[in-house]
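Hi,

Here is the structure I promised to hand over. Have a look at it first, and then read my notes below.

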Amino acid sequence: MSDSSPVRPAAVLDVWCELQCPDCHTALDDLRALRARYGDRLELRLRHFPLEKHKHAFAAAQAAEEAVAQGRGWPYVEAVLDRVAELDRKGEPLLVEVARELGLDAEEFDTALIDGRHILIVDADQAEGKAIGVTGTPTYVIGGERLDGGKSQEGLRERIEEIADRLLAEREV
């Protein structure tokens, strides 16, 4: 009897992120390193937690969801995080500009920001984040453990790797 279900990653890392957050920009190197080390054995899931102090964060979260819908979620997130200071100055026009630079349908981004088609996803992520104790970004959840990167990134990648390695070893048994 063969199992025809799709292969699921052995470990999932929820990344509670905000695209106008300088700490999330700093965390990009860790996320890239984790993706390089684990490939498809570790699923990185973007979770939105826009903070009120950043006026373009909610729109950026919606734009990220449009990028996911167009098949380029993480490249878009990384491109926006690489321009955090510019987002602070330019706002929503930068979100559309980044989409265009990545070859995405920029007009569809503009429409999505106007019609609010992704608001429910962003709201749901934010509500879930609050329910599990997320107070800032980045915050990671892996193997049932919450790791707060908003205060300090120090040692977080190593801790995530320890948990991921344990989850992967358990899966192989």
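A word on terms before the helices: axes are lines fitted to C-alpha atoms, for helices over the stretch in contact, and angles run from 0 to 180 degrees between N-to-C directions. Helices (H or I, at least four residues) and strands (E, at least two) are DSSP runs, numbered from the N terminus.

Please keep in mind that this is a predicted model, where local features need pLDDT of at least 70 and side-chain atom pairs count only at pLDDT 80 or more, while totals for chains, interfaces and linings use all residues. Residues are numbered from 1 along each chain as its sequence is written, and side-chain values use heavy atoms, with hydrogens and water left out.

Let's start with α2 and α7. Their axes come within 9 Å and cross at roughly 115°. That makes α2 roughly perpendicular to α7 (under 35 degrees counts as roughly parallel, over 145 as roughly antiparallel, 65 to 115 as roughly perpendicular and the rest as oblique). The crossing is right-handed; a crossing is left-handed if the near helix is turned anticlockwise from the far one by less than a right angle, and right-handed if clockwise. On the α2 side, Phe58, Ala61, Gln62 and Glu65 make the contact, and on the α7 side Ile119, Ile121, Val122 and Asp123 do (contact means heavy atoms within 4.5 Å). By class, there are five nonpolar, one polar and two charged residues here. For the classes, Ala, Val, Leu, Ile, Met, Phe, Trp, Tyr, Cys and Pro count as nonpolar, Asp, Glu, Lys and Arg as charged, and the others, Gly among them, as polar.

Staying with α7 (residues 119-131), Gln126 sits in this helix. Is Gln126 buried or exposed? Gln126 counts as buried, at 15% relative accessibility (buried means under 20% relative accessible area, exposed over 50%, partly exposed in between, with a 1.4 Å probe and protein chains only). Leaving aside neighbours within four places in sequence, Gln126 touches His48, Phe49 and Pro50.

Next, α3 and α5. The axes of α3 (residues 73-81) and α5 (residues 92-101) come within 10 Å and cross at roughly 130°, and these two helices are therefore oblique to each other. Their crossing is right-handed. Tyr76, Ala79 and Val80 of α3 meet Leu95, Val98 and Ala99 of α5, which gives six nonpolar residues, no polar and no charged.

In α5, the buried residues are Leu94, Leu95, Val96, Val98 and Ala99. They pack against α2 (57-69), α3, α4 (84-90) and α6 (106-115). After α5 comes Gly103, with a positive phi near 80°.

α3 also meets α1 (residues 22-38): the axes come within 9 Å and cross at roughly 145°, and this crossing is left-handed. Cys24, His25, Leu28, Leu31, Arg32 and Arg35 in α1 are in contact with Trp74, Glu78 and Leu81 in α3. Those residues divide into five nonpolar, one polar and three charged.

That brings me to the cysteines. Cys17 is buried at 5% relative accessibility, and Cys24 is buried with a relative accessible area of 2%.

Cheers
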